[in-house]
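Thanks, everyone. I will go through one structure today, starting with a single side chain and then widening out.

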Amino acid sequence: MQPEPPPAFSEPWQARAFALAILASRQGCFTWSEWTHALGRELQAMRDADAQSADARYFDCWLSALQSLLASKSVIDLGELRKRRDAWEEAHHHTPHGHPVSLPAP
């Protein structure tokens, strides 16, 4: 019997970031070539900084590349993104362990 391969994503947010990048590219927010260049820049910066585990860093780079590409294409506003991230962190810190974090609609 073959051992089961490890999951492609170790956290649900990683799968969501992956899906968002593909969807944004398919909807014309950026080309796949632009995506691969943005991700490559983030991965190079990560290699230069060397911090956490490789898996966590890879998807941190994925998310950073997605955010920077969408912001440079004016698909998202970085100020609004920061406000949503701050709201999520606040909600996360005030949510009891084991309960889902919920945010009010923007």
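Is Lys 73 buried, partly exposed or exposed, by relative accessibility? Lys 73 counts as partly exposed, at 35% relative accessibility. The classes are buried for under 20% relative accessible area, exposed for over 50%, and partly exposed in between, with a 1.4 Å probe and protein chains only.

Some bookkeeping before I go on. This is a predicted model, in which local features need pLDDT of at least 70 and side-chain atom pairs count only at pLDDT 80 or more, while totals for chains, interfaces and linings use all residues. Residues are numbered from 1 along each chain as its sequence is written, and side-chain values use heavy atoms, with hydrogens and water left out.

Now the fold. The protein has 4 helices and 0 strands, and the order along the sequence is α-α-α-α. Helices (H or I, at least four residues) and strands (E, at least two) are DSSP runs, numbered from the N terminus. Along the principal axes, the C-alpha atoms fill a box of roughly 50 × 35 × 30 Å.

Of the 106 residues, 21% are buried. The exposed surface comes to about 7,900 Å², and carbon and sulfur atoms supply 57% of it; the areas are from the Shrake-Rupley method with a 1.4 Å probe, and for residues only the protein chains shown count as cover. For contacts (heavy atoms within 4.5 Å), take those between residues at least 6 apart in sequence: 46% of them join residues at least 24 apart.

Next, charges. There are 10 positive and 13 negative side chains, and the centres of the two sets lie 6 Å apart. Lys and Arg count as positive, Asp and Glu as negative, and His and the chain ends are not counted. Each charge is placed at NZ of Lys, CZ of Arg, CG of Asp or CD of Glu.

How many salt bridges does the structure hold? It holds 2, a salt bridge being a side-chain nitrogen of Lys or Arg within 4 Å of a carboxyl oxygen of Asp or Glu.

One joins Glu 34 to Lys 73, with the closest N and O atoms 2.6 Å apart. This pair links distant parts of the chain, 39 residues apart: Glu 34 is in helix 2 (residues 32-49), and Lys 73 is in the loop between helix 3 (54-72) and helix 4 (78-93). Glu 34 is partly exposed, at 28% relative accessibility.

Glu 80 and Lys 83 form a salt bridge at 3.5 Å, N to O. Both residues lie in helix 4, 3 residues apart, about one turn of the helix. Glu 80 is partly exposed at 33%, whereas Lys 83 is exposed at 54%.
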